[in-house]
Structures are given as structure tokens and as C-alpha cells.
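Hi,

Here is the structure I promised to pass on. Please open it first, then read my notes below.

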Amino acid sequence: MTHGPAPERLTAAGLRAASEQLGDLLADTVRGGSSLGFLAGLDRAAASDWWRGLGPEVEAGRLAVWVARGRERDDARVAGTVSVAFTDKPNGRHRAEIAKLMVHPDARGQGLARALLTAAEQAAAEAGVTLLVLDTETGSPAESVYRGAGWTEAGTIPDYATDPTGALHPTTLFYKRLGTAARRRTTDAEPRPAGRQ
């Protein structure tokens, strides 16, 4: 269980201000072997630039980014992050994707991943999202985080992505229905009046 401050949702300006620390987090996480879309050798400057490049998406509301700070009140370092990517397609506005959930190796085991995931899920639900999806490397520690948070495994795709060394690994897809979807399932299960389809 985490005892630090609650995850903070970043504005576009906040993302720019935190980009150096987010770059450090990303580079350290990739160096630790996590599959996040980057290969070994990712340097801090390139990682920070990648985060800064997301500013327009955050500004437009297509991406939401949260950070978790250190456990101590005076520790402002970014120890973890998660993002929610919203879709602007007319037939997909009910769904979003959890992306880039990561916790610094030195801060693991403190409940930060779960706190970040919960913050993202709650904000998505408040935005009207009823279905969240994500993918993660099969067999990674992240799978237990998602299962423990009530996510459902949808299947596995072989050789989906490489780890930082370039070796191919399977990816497991997960989904989670949020509040409105659960209510809809209950309503859909109720008998319909005769004569109505």
C-alpha cells in the first residue's frame, strides 16, 4: 500500500515541466528490461524529448498523464507514471487505452502502480469511458498488477513486440469494463417487453 501523495494529473505545462524527470524514469525503466516501445541505449535526453512531444496530445485532451511522486512529502521526484489515450473516432469514444504504466525500480513494491492505475481508471470513468484496454509483455510482473485490479485477459499474441534487447516476446491483451458498462450489461440482461426488439 502506498503512503505517498496521490497521483497528480499533469497539464500540458506540467508535462513540459516534468519531462526531464519523466525521461529519467523512462530511460531507467527501459534499462531495467521493461518493454515500453523503446530499445536498449535510450538516453535520458531522447526520453525527455519523447515526453515533451506528447504536449499537444495532452493539450487537446486526447491523452491524460499522471505522475506519482516520492513517498516523503518533501520528495518531488517522479517515481511512477501512467497515461490514458482517448480515441476521437465517433464509434470508439466509449473506450480508451491504458499506456506507459511504469514505476521506477527503486520505488516498486509500495503500491504506486496500483494507485496510478486506480487514478487513471477513475478519471476515464468520469470522462464517460466504459471500456479500457491495454497490452503488456506476457509473463511480466505487470500482469499480476492488472489481474489484481480486476482486469480480464482477452488473449495473447505471439511475437508482438521486442524487449529492449530486440528479442521478440508475446503480448497479453487485457480489458476492463467500467461503471456504465456494468450497468448496461445488467439492463441488457433484463427481459424486453413483448413486441419490442
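**Around Ala124**

Ala124 touches Val129, Leu132 and Leu178, leaving aside residues up to four places away in sequence. Keep in mind that this is a predicted model.

Where does Ala124 lie? It is part of helix 4, residues 112-126. Is Ala124 buried or exposed? Its relative accessibility is 1%. Buried means under 20%, so Ala124 counts as buried.

**Helix 1**

Now go to helix 1, residues 12-31. It has 20 residues, and at 1.5 Å a residue it should span 28 Å. Its end C-alpha atoms are 27 Å apart, so the two values agree. Helix 1 also bends, by about 55° at Ser19. After the helix comes Gly33, which has a positive phi near 105°.

**The whole protein**

How many helices and strands does the protein have? The count is six helices and seven strands. From the N terminus, the order is β-α-α-α-β-β-β-α-β-α-β-β-α.

The protein has 197 residues, and 38% of them count as buried. The accessible surface comes to about 10900 Å². Carbon and sulfur atoms hold 50% of that surface.

One last number concerns contacts. Take those between residues at least 6 apart in sequence: 58% of them join residues at least 24 apart.

Best wishes

Conventions. Residues are numbered from 1 along each chain as its sequence is written. This is a predicted model: local features need pLDDT of at least 70, side-chain atom pairs count only at pLDDT 80 or more; totals for chains, interfaces and linings use all residues. Side-chain values use heavy atoms; hydrogens and water are left out. Helices (H or I, at least four residues) and strands (E, at least two) are DSSP runs, numbered from the N terminus. The expected span of a helix is 1.5 Å times one less than its number of residues. The bend at a residue is the angle between axes fitted to the seven residues ending there and the seven starting there. Buried means under 20% relative accessible area, exposed over 50%, partly exposed in between (1.4 Å probe, protein chains only). Contact means heavy atoms within 4.5 Å. Accessible areas come from the Shrake-Rupley method with a 1.4 Å probe; for residues, only the protein chains shown count as cover.
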